[in-house]
Amino acid sequence: MSHLLATPLAFFSPQTGGSPNADQIHGLYMVTLYVALVIFVLVEGALIYALFRFRARKGAVAAQIHGNTRLEIGWTVGAAVILLALAVLTFTKLSSIQDPVNSSPEGEHLVSDSSRLYASNTPKLPPNGKSLKITVVGRQFVWQYIYPGANEPDGLGAPYSYEEMVVPTKTTVTLNIVSADVVHSWWVPQLGGKFQAVPGYHNYTWFKVEKPGVFRGQCALICGRGHARMIATVKAVPPAQFEAWLAYQKKQLAEANAQAAVARAKLDKQVGAGQVQNP
Ligand SMILES: [Cu+2]
């Protein structure tokens, strides 16, 4: 029964399979969907039965009924009990959605103590406090990702990428979501819930991808003319491949900075240092 229903129901349910928090959201949704399905069948079944059984016939006189107290109390209490049960279930599952899990041994060497780098204590951290921190910057109209590995304590020289975020599998990634201009919304459905990128605020979420894959998302809040182009891709690769990629990004950035320094020096000579704006 459940697998027969699985395909059509997957159409109505949140995407899943990328990260444990997305799986928990999906599980919770499915419980509600099954309960709703049973109620739908019962209500519609009773309606169709009544339409057929009590349809107009020659000589038939409809019974005049003025309410049914027991029935009315019954469906009120029944609905309240279902609502309460779903609320209790949701609250018991909430921590497994919000709280990151530890990284697997394969990703252990990529994570670091996350608590000390946050100014506030709002972000949820894994039990061991260690995660791979990536800052997500929403800007009109592209997502930017800043990775650990800065040369300076103030964060300068950190590797970054646009649009496609590369992450290691088996590793708990915590996201610090910010905005450089207007409000955007970070959402890669297979990796969990939706979070707003608000100027001046930090929002935090996490995911942990088990198997290599590509997960797609899209800015989920209209943020201006280029909103439709503001796509997001998360590419999960094995930890070793991630390290190689990160090293390559750093190398490319260093090379680009070196070239820029040469160009800047040349410009200084030509027009004088004071004339160069935004070097
Ligand atoms: Cu946007």
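Lys 251 is partly exposed, with a relative accessible area of 47%. This residue of the predicted model forms a salt bridge with Glu 255, one of four salt bridges found in a search of the whole structure. The model also holds a largest nonpolar core of 30 residues, in which Met 165 and Trp 186 touch the most other members.

- The closest N and O atoms of Lys 251 and Glu 255 are 3.8 Å apart.
- Both residues belong to helix H4 and are four residues apart, so about one helical turn separates them.
- Glu 255 is partly exposed, at 42% relative accessible area.

- Lys 124 and Asp 99 pair through their side chains at 3.6 Å, N to O.
- Because Lys 124 lies in the loop between strands S1 and S2 and Asp 99 in the loop between helix H3 and S1, the pair ties together parts 25 residues apart in sequence.
- Lys 124 is partly exposed at 41% relative accessibility, and Asp 99 is partly exposed at 30%.

**Salt-bridge network**
- Lys 170, Lys 208 and Glu 210 are linked in a network of salt bridges.
- Within this network, the side chains of Lys 208 and Glu 210 meet at 3.6 Å, N to O.
- Lys 208 is buried, at 9% relative accessibility, whereas Glu 210 is partly exposed, at 39%.

**Nonpolar core**
- Among the 30 residues of the largest nonpolar core, Met 165 and Trp 186 have the most contacts with other members.
- Strands S2, S3, S5, S6 and S11 and helix H4 each supply at least two core residues.
- S11 gives the most, with four residues.
- Beyond its neighbours within four places in sequence, Met 165 has contacts that include Ile 134, Leu 175, Trp 186 and Phe 207.

Definitions and conventions. Residues numbered from 1 in each chain as written. Predicted model: local features only at pLDDT ≥ 70, side-chain atom pairs only at ≥ 80, totals over all residues. Heavy atoms only, no water. Core = buried A, V, L, I, M, F, W, Y, C linked by side-chain atoms within 4.5 Å. Buried < 20%, exposed > 50% of the residue type's maximum accessible area, 1.4 Å probe, protein only. Contact = heavy atoms within 4.5 Å.
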